[in-house]
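Keep the 3D view open as you read, and take the points in order.

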Amino acid sequence: MVNQSSPVGFLLLGFFEYPGLERILFMVVLTSYLLTLVGNTLIILLSVLDPRLHSPMYFFLSNLSFLDLCFTTSCVPQMLVNLWGPKKTISFLGCSVQLFIFMSLGTTECILLTMMAFDCYVAVCQPLHYATIIHPRLCQQLAAVAWVMGLVQSIVQTPPTLRLPFCPHRKIDDIICEVPSLIRLSCGDTTFNEIQLAVSSVIIVVVPLSLVLVSYCAITQAVLRINSAKGRKKAFGTCSSHVMVVTIFYSSVIAVYLQPKNPYAQKRGKFFGLFYAVGTPSLNPLIYTLRNKEVKRAFRMLLGKDEDSRES
C-alpha cells in the first residue's frame, strides 16, 4: 500500500471530545512550559556560574535540564495550538520531526537517569573512591553514550514507523506524534513495528529501570549499615531527589509505552502522555532545587545575597 497520508499530514485529535477540558489543559500546559523554561535554564546557569556546583552530580543535572528544555520545546508549541483552537492538523514533516526528536530525547533521558543512579551508587557505596571513579572524563563519556543511544534509537525506530500505510482518515488519537499512536493509525500489517516497539521498550525502559532498582537496593543496604541517624539521613538525602524524579518519569513512561491494548488504557495513556511530555520536565527543577541546599545557596549568590544568610 502507498502511504497516502504523507502529502497532507495528520489530525491530532487530542482531547477534542472535551472542548471545555482543552481550554483548562491549555493553561496548565502553558504554565508548565514556562516553569520548565525558567527552572531548567536556571539550573544550567547555576551549574555553569557557581564553581561549587562543578561536580559530576550537577554535570548530569545540567544535561538533564538541557534535555528537558529540548524535550518540551519539540512538542509543546504544537500542543498549545491544538488545545486552543479548532485547527488540529500537523504536517507530515512536522510529525516526522516531532517523532524523531521526541523519541531521541525520551531515550536519552532513560539512559541519563540510569547514569545518575550510578553516580548516586558510587557516592553512597564507594565514597572514598568517588573522585577516582567518577572523574570528569568518565562523566563526559557517560553523557555522550546517553545522547548517542537516543539518536541511534530514533534513527532505528522512526523510518519504519513513518513508512506504515496509514488509514485515509489520518486521525491520530493522541496529543503528539508517537510510535504507538502511529501504529494504531496504520491500515496494514504492523507486526514488525509492534515487535520492534516491544524490543525497544525492553532495551530502553525495562533494562535501565532494572539497573536503577539494583543500584538503589545496594544503596539502601549500604545506608542501613550506617550506625548514626545523621549519617543515614545525609546518605538518603544525597539520592532522594533522584528517586523522586525516576519514580515520576518511569511511571508515566510505562503507562504510555507498556499499556494494554484496550480503549480505556488508550484514553488513560493520553493523560499520562501529557504528563510525561509536560509535567515531568517542569517538576524536575522544582524537586532538585527545593530539596538541595547547594542549589539554593548558589541561587542566593546569583541574586547577590549573602551566602550565609538564613534559609527561608
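Predicted model: local features only at pLDDT ≥ 70, side-chain atom pairs only at ≥ 80, totals over all residues.

1. A word on helices to begin with: helices here are DSSP runs of at least four residues, numbered from the N terminus.

2. Buried means under 20% relative accessible area and exposed over 50%, with partly exposed in between. Valine 206 has 35% relative accessibility, so it counts as partly exposed. Val206 also belongs to a nonpolar surface patch, together with Ile195, Val199, Val202, Ile203, Val207, Leu211, Ile254 and Leu258. Which helix gives the largest share of the patch? That is helix H8 (residues 191–224), with seven residues.

3. Next, the annotation. An unreviewed UniProt entry places the feature "transmembrane region" at residues 24–46, 58–80, 100–126, 138–156, 202–224, 236–259 and 271–290. Two of these ranges can be compared with the model. Residues 24–46 are 100% helix and 0% strand, and their end C-alpha atoms lie 33 Å apart. Residues 58–80 are 91% helix and 0% strand, with 31 Å between the end C-alpha atoms.

4. Now to the cysteines: how many disulfides does the structure hold? There are two disulfides. One of them joins cysteine 95 to cysteine 177, with 2.1 Å from S to S. This pair links distant parts of the chain, 82 residues apart: cysteine 95 sits in helix H4 (residues 92–125), and cysteine 177 in the loop between strand S3 (171–172) and helix H7 (179–185). The angle about the S-S bond is -125°, and the link of cysteine 95 and cysteine 177 is left-handed. Cysteine 95 and cysteine 177 are both buried.

5. Another disulfide is formed by cysteine 167 and cysteine 187, whose sulfur atoms are 1.8 Å apart. Here, too, distant parts of the chain are linked: cysteine 167 is in the loop between helix H6 (136–162) and S3, and cysteine 187 is in the loop between H7 and H8, 20 residues apart. The link of cysteine 167 and cysteine 187 is right-handed, with 130° about the S-S bond.

6. Counting bonded cysteines along the chain, the disulfides follow the pattern 1-3, 2-4. Cysteine 75 takes part in no disulfide, and the nearest cysteine sulfur, that of cysteine 177, is 11 Å away. Cysteine 75 has 0% relative accessibility and so counts as buried. Cysteine 139 is likewise in no disulfide; the nearest cysteine sulfur there belongs to cysteine 120, 12 Å away. At 3% relative accessibility, cysteine 139 counts as buried.

7. The aromatic rings deserve a look as well, as the structure holds 10 aromatic pairs. One of these is phenylalanine 10 with phenylalanine 92: the ring centres are 6.0 Å apart and the planes meet at 35°, so the pair is tilted. Phenylalanine 10 lies in strand S1 (residues 10–12) and phenylalanine 92 in helix H4, 82 residues apart, and both residues are buried. Elsewhere, Phe71, Phe102, Phe249, Tyr250 and Tyr276 form one aromatic cluster.

8. Last, the charged side chains. Side chains of opposite charge can pair when their charged atoms come close. The structure holds two salt bridges. In one, lysine 88 meets glutamate 22 at 2.9 Å, N to O. Lysine 88 is in the loop between helix H3 (76–84) and strand S2 (89–90), and glutamate 22 is in helix H1 (residues 19–49), so the bridge ties together parts 66 residues apart in sequence. Lysine 88 is buried at 11% relative accessible area, and glutamate 22 is buried at 7%. Aspartate 50 and arginine 52 also meet in a salt bridge, at 3.4 Å, N to O. Aspartate 50 is buried, with 9% relative accessible area, whereas arginine 52 counts as partly exposed at 39%.

Technical notes
Residues numbered from 1 in each chain as written. Heavy atoms only, no water. UniProt positions renumbered as here; feature names shortened; annotations may be inferred. Helix = DSSP H or I, 4+ residues; strand = E, 2+ residues; numbered from the N terminus. Patch = residues over 30% accessible without salt bridge, like charges linked within 9 Å, V, L, I, M, F, W, Y side chains within 5 Å. Areas by Shrake-Rupley, 256 points an atom, 1.4 Å probe, with all protein chains shown as cover. Salt bridge = Lys/Arg side-chain N within 4 Å of Asp/Glu carboxyl O. Buried < 20%, exposed > 50% of the residue type's maximum accessible area, 1.4 Å probe, protein only. Disulfide = S-S within 2.5 Å. Phe/Tyr/Trp six-rings, centres within 6.5 Å; stacked < 30°, edge-to-face > 60°.
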